[in-house]
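Visitor: Hi, I'm new to this. Can you walk me through the model on the screen?

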Amino acid sequence: MASPSQQLPPGWAAEWDQTNQRYLFIETATGRSQWEVPMAPADMGNPASPSVSPPPANAPHSKRRQYAAGQTQAYYGATDGLAAAGPAYGAAAQQPQPAQLFTPGLAAENQFQQQQMQAQQAGYYGGPAPQAEPEYINAPGFGQAQAGPVNALADQFGQMNVGGPKRLTLYTTNLLTSPPDPRELHRPPPDIILPQGASLSPSPTANADPSYQRCTLNAVPVSNSLLNKTKIPLALILTPYRTLKEGDDPVPLVTDTVIARCRRCRTYINPYVQFIDGGNRWRCCMCNMSNEVPQLFDWDQVRNQPGDRWSRAELNHSVVEFVAPTEYMVRPPQPAVYVFLIDVSHTAIQSGMVATATRTILENLDRIPNEDSRTKVAIVAFDVSLYFFSMPSGTTESSMLVVSDIDDVFLPKPTDLLVNLAEARASLEALLGRLGDMFQENHTIGSALGPALQAGFKLMAPIGGKVIVLSSSLPSLGAGALKNREDPKILGTSKESGLLQAASPFYKTFAIECSRAQVSVDMFLFSASYQDVATLACLPHYTSGQTYFYPAFNASRTEDAIKFAHEFGEVLAMPIMLEAVMRVRASKNLRMSSFHGNFFVRSTDLLAMPAVPQDQSYAIEVQIEDTITAPFVVFQTAVLHTTCYGERRIRVVTQALPTTNNLSEIFASADQIAIATLLANKAVERSITHKLEDARDALFNKMVEILQAYKASMTAAGAGASAQLAISENLKLLPVLVLGLIKNVGVRQSAQIPPDLRAYAQALLTSLPSQVLVPYIHPTFYSLHNMSPECGTVGEHGVIMPPPLPLTSERLERHGLFLIEDGQTIFLWVGRDAVPQLVMDVFNLPNYEVLRGGKTTLPLLDNPFSQRVNAVVQKTREMRRGVYYPHLYVVKEDGEPPLRLWALSCLIQDRADVLPSYQQFISQLRDKANGSSY
Amino acid sequence: MVRSTLIVRASDALPLAASVDDEQTEQTLQEHKQQAKLVFRRITPNAEPRCSIESGPYTLHYLIADGVVYLVIADKSYPRKLAFSYLDELSKEFLTSYGAKVETVRKPYAFVSFDTFMGKTARLYQDTRTANAAGSSHVDKLNDELQDVTRIMTKNMEELLWRGDSLDSAFACFRRDALSL
């Protein structure tokens with residue numbers, strides 16, 4: 001190899017390395033370097049080639065291909081086979097490599113070669129280092145390689161993503177002629193097509209899964225003016241902490257506390273950085289700073305031997321968790337703390353809330369996260385006074401301490417009120433068992449919720465944790481007392497938004513105090529009458545908690561009790577993140593401009609979250625400050641938190657998106673689900689700061705703007721009037737989602753919606769992750785009586801669901817059975833001409849006349865149809881993330897009007913009262929898009 | 001009164017466990033915790049196994065046992081005997097619970113669950129006066145069981161940190177000897 005630079009394929013450069021006395025080959029496009037001589041693909045068939053290591057040459061493949069790990073391993077077998085077949089290959093394979101580039105000090109030379117190849121070919125997918133396993137030699141890949149080694153190698157190139165990047169193609173549809181198909185809601189967002197070589201790892205997990213983080217645009221415009229031309233908002237929708245259901249991959253954990261971060265912008269190392277300087281330094285993907293690779297980065301600390309850099313999880317996965325070293329701790333990891341504030345006033349006792357709640361806590365004591373036996377629990381009951389319970393460890397006794405001074409709350413005892421769950425288990429169980437009976441005769445009316453909150457806060461302020469409030473009435477005493485401000489006369493008027501604002505500053509200031517002390521508040525509200533959910537929900541909103549509302553809860557109805565017990569139990573069992581702060585970083589010229597969700601914004605862009613529940617969604621708007629020149633940009637979310645098992649960790653979610661200066665590509669890359677999620681957050685915010693009407697108008701106008709922009713720039717019609725209403729195929733459902741939002745309880749125009757329900761709907765709209773939010777604004781509608789025989793039976797992917805129908809009552813048949821659900825409620829609609837056999841099969845009742853509407857539990861009967869219907873209902877309750885357990889209502893076609901109207905309000909494509917039907921909405925949009933001058 | 005307790009690995013000062021303190025304690029002790037960290041860094045294999053270091057209104061008592069350093073920040077007036085008796089008790093319990101794993105852990109605060117025991121023990125060693133006043137005389141009992149802790153090196157934080165004194169026992173002995181010459 002006298003002067004290798006002359007024989008290099010295009011795009012490669014050779015550099016003499018002084019220390020190793022040999023040439024180093026650098027691919028100029030990606031900055032990747034290797035010792036082996038890179039070759040053009042045509043050379044690969046040449047048996048005289050000095051090396052078998054496939055270089056990332058420019059094989060002209062147009063399609064990106066991903067191979068499963070097993071198949072890649074098959075290629076290792078293939079390489080071995082080649083060594084046997086062609087003597088030149090064999091010689092090269094055995095030739096020892098004198099130096100190692102990425103893992104200095106590695107003993108086994110062959111291992112090094114493999115590492116190089118793996119790094120270039122397949123990455124690790126998080127698995128252990130795959131060796132060429134004998135069984136793979138018989139895999140199909142092996143045979144292929146034998147037949148034609150050139151093809152096999154060419155396939156490997158295909159794998160390396162060397163083909164020219166394909167572009168998103170824009171398909172235009174006419175909204176007037178193509179009605180929305182609900183099945184399209186389940187389509188994945190438009191592909192993220194990164195420039196080749198952007199990622200160090202070809203692993204499919206190198207870019208964030210949309211369930212963790214998604215962007216409204218999967219191709220970021222290079223400038224703000226370009227973005228403004230599309231009128232599509234640029235924002236991130238994130239759920240960094242989502243539940244893992246069966247079959248989901250767990251988040252890989254980096255345990256060796258080696259955390260490589262950019263010195264300047266503090267970005268965590270991720271699959272989009274570049275290694276330079278022979279792998280000794282890395283270039284930050286956000287600010288281009290060159291950083292040193294930490295010394296222990298290539299060291300396997302468990303086995304105390306050189307490790308393989310390419311197998312590190314943070315270079316292969318976009319979602320990773322690091323175990324944090326001491327520098328990330330202000331104090332030792334805190335134990336999880338749960339303080340229950342239980343309303344024991346007359347109404348709470350009478351509704352059976354106290355009994356259900358205590359029983360649920362008792363049943364779920366084992367599910368409360370307590371792996372390291374540190375979890376602490378306290379119970380405080382309140383009506384007009386506060387009742388503390390002292391539970392000394394080692395006894396089964398507990399004593400009640402009453403504090404009736406609610407103006408200046410104090411703790412009656414310094415110790416034994418907040419007790420260790422494991423140690424005080426016996427007394428806790430005894431207390432929970434008789435708490436309901438203790439207050440059985442309590443006729444006190446009134447609620448000192450504010451003082452109870454202060455007491456709970458005092459108990460746990462040194463540590464922080466979670467306060468769980470269970471309250472059945474409007475707070476009426478002490479700090480934070482509220483007045484009944486519900487006034488039916490102002491509902492539906494412009495003054496209504498006042499009812500959605502906090503009535504008392506106490507809850508806001510107290511929330512900030514809580515946030516500082518790492519205390520998070522969850523509200524479980526049960527009142528039958530006005531409870532001012534809007535004000536109370538403030539507290540969870542700013543302390544990263546959640547509000548749960550059970551209007552007119554009555555435990556004597558088993559459905560109510562089951563729903564509450566299920567959801568409460570899930571909340572208790574949920575592994576929470578404690579003492580968390582979240583920050584989103586982005587490439588140069590991108591700035592996080594506004595934040596929506598349940599947290600408190602500390603110091604411009606640091607989101608403080610004392611306790612992060614699972615499946616909470618946050619929306620962050622992004623501003624393009626200056627023209628972006630990079631071919632792709634990176635967004636990185638980092639959540640520093642303490643697990644409820646006493647470990648400080650950092651969860652990092654990295655997402656890379658290509659940039660574009662092409663308008664059609666921007667439109668083609670828009671993610672309608674993410675846009676709808678953002679619009680929901682913005683609409684709620686606007687309805688509180690302005691008026692509900694403004695929120696609806698803003699939604700409508702945004703939709704019009706997008707349509708106008710599309711029409712002006714993407715269609716031939718230009719600015720003139722057009723008979724069509726064009727939008728790109730991937731945004732086709734945005735109008736129906738916006739319509740669903742306008743018709744949602746949280747925003748809808750109506751004089752009938754109690755402010756509590758509205759406030760609760762708004763709390764849901766701003767915190768639900770997209771997966772749950774989309775059905776909430778666009779319910780799912782199935783026809784059950786004529787579903788095909790396999791529906792409701794267990795198939796390959798669990799229970800097979802019937803195909804969803806468009807949300808219009810035209811699809812309701814008089815003899816049919818239908819299911820409408822929005823994730824919070826399930827309606828079983830029974831047509832008036834339902835045959836007795838159907839009623840018999842499903843409800844075990846002789847005919848339609850005897851059937852009663854309302855909340856029910858569906859009986860599980862010994863006939864296939866009942867079992868299938870039950871399976872569909874069950875699947876509906878389980879298929880989404882989150883703790884919600886929807887109520888099931890039976891709705892008779894000629895039943896009580898309120899229930900019927902409620903069910904029908906889910907069919908958002910219909911006209912209801914003053915709200916337009918989908919057709920009307922579309923023609924309004926068209927008139928607006930055509931009418932105004934653009 | 002026992003204010004705060006820290007347990008670290010002697011070889012690399014990796015925190016193993018610590019008491020979870022409230023915000024107020026955290027603030028008042030901030031400086032002293034920093035000092036404790038400096039002390040941990042100065043511990044060498046031949047450091048004095050027991051030492052009390054005075055620092056402002058507090059005294060830092062530490063004890064090294066089986067490669068683990070136990071340090072308590074206590075009021076200056078808190079009896080040294082009690083402090084070391086407390087540390088002794090912690091070290092015994094810690095050794096039986098986690099002794100074998102100490103050398104292998106890499107993440108900080110790996111044994112933070114020890115704080116439950118620390119909290120309980122610290123309560124037994126509460127302020128001498130309140131204990132006496134309550135008549136429960138925990139401390140009396142403890143006093144009886146106390147071992148002889150008179151031969152404990154005493155240092156001043158200032159000397160240690162700013163004048164570059166070391167914690168080596170040999171050195172200390174030498175100095176003592178030198179003084180008595």
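Visitor: Which helix do A:Phe506 and A:Phe510 lie in?
Guide: Both lie in helix α14 of chain A, residues 506-516. They are four residues apart, about one turn of the helix. Keep in mind that this is a predicted model.

Visitor: Is A:Phe510 buried or exposed?
Guide: Buried. Its relative accessibility is 4%, and the cut-off for buried is under 20%. A:Phe506 is buried too, at 13%.

Visitor: How many aromatic pairs are there over all chains?
Guide: The count is 35. A:Phe506 and A:Phe510 are stacked, because their ring centres are 5.3 Å apart and their planes meet at 10°.

Visitor: What about A:Phe524 and A:Phe568, how are their rings arranged?
Guide: Edge-to-face, because the planes are at 70° and the centres 5.0 Å apart. This pair links distant parts of the chain, 44 residues apart. A:Phe524 is in strand β21, and A:Phe568 is in helix α17. A:Phe524 has 0% relative accessibility, so it counts as buried. A:Phe568 is buried as well, at 0%.

Visitor: Which cluster do ring pairs link them into?
Guide: One whose members include A:Phe340, A:Tyr548 and A:Tyr884.

Visitor: New topic. What sits over the ring of A:Phe297?
Guide: The charged end of A:Arg312, 4.3 Å from the ring centre. Elsewhere, A:Lys892 lies over the face of A:Tyr848, at 4.6 Å from the ring centre.

Visitor: And sheets? What is the strand order in the open sheet of five strands?
Guide: β31-β34-β35-β37-β36 in chain A, with mixed pairing. The edge strands are β31 and β36, and each pairs on one side only.

Visitor: How do β34 and β35 run?
Guide: Antiparallel, joined by five bridges. In one of them, A:Ile820 partners A:Phe827 of β35.

Conventions
Residues are numbered from 1 along each chain as its sequence is written. Chains are lettered from A and ligands numbered from 1 in the order in which they are written. This is a predicted model: local features need pLDDT of at least 70, side-chain atom pairs count only at pLDDT 80 or more; totals for chains, interfaces and linings use all residues. Side-chain values use heavy atoms; hydrogens and water are left out. Two strands pair if DSSP finds at least two bridges between them. Helices (H or I, at least four residues) and strands (E, at least two) are DSSP runs, numbered from the N terminus. Rings of Phe, Tyr and Trp (its six-membered ring) pair if their centres lie within 6.5 Å; planes under 30 degrees apart count as stacked, over 60 as edge-to-face and the rest as tilted. Buried means under 20% relative accessible area, exposed over 50%, partly exposed in between (1.4 Å probe, protein chains only). A charge sits over a ring if NZ of Lys or CZ of Arg is within 6 Å of the ring centre and within 35 degrees of the ring normal.
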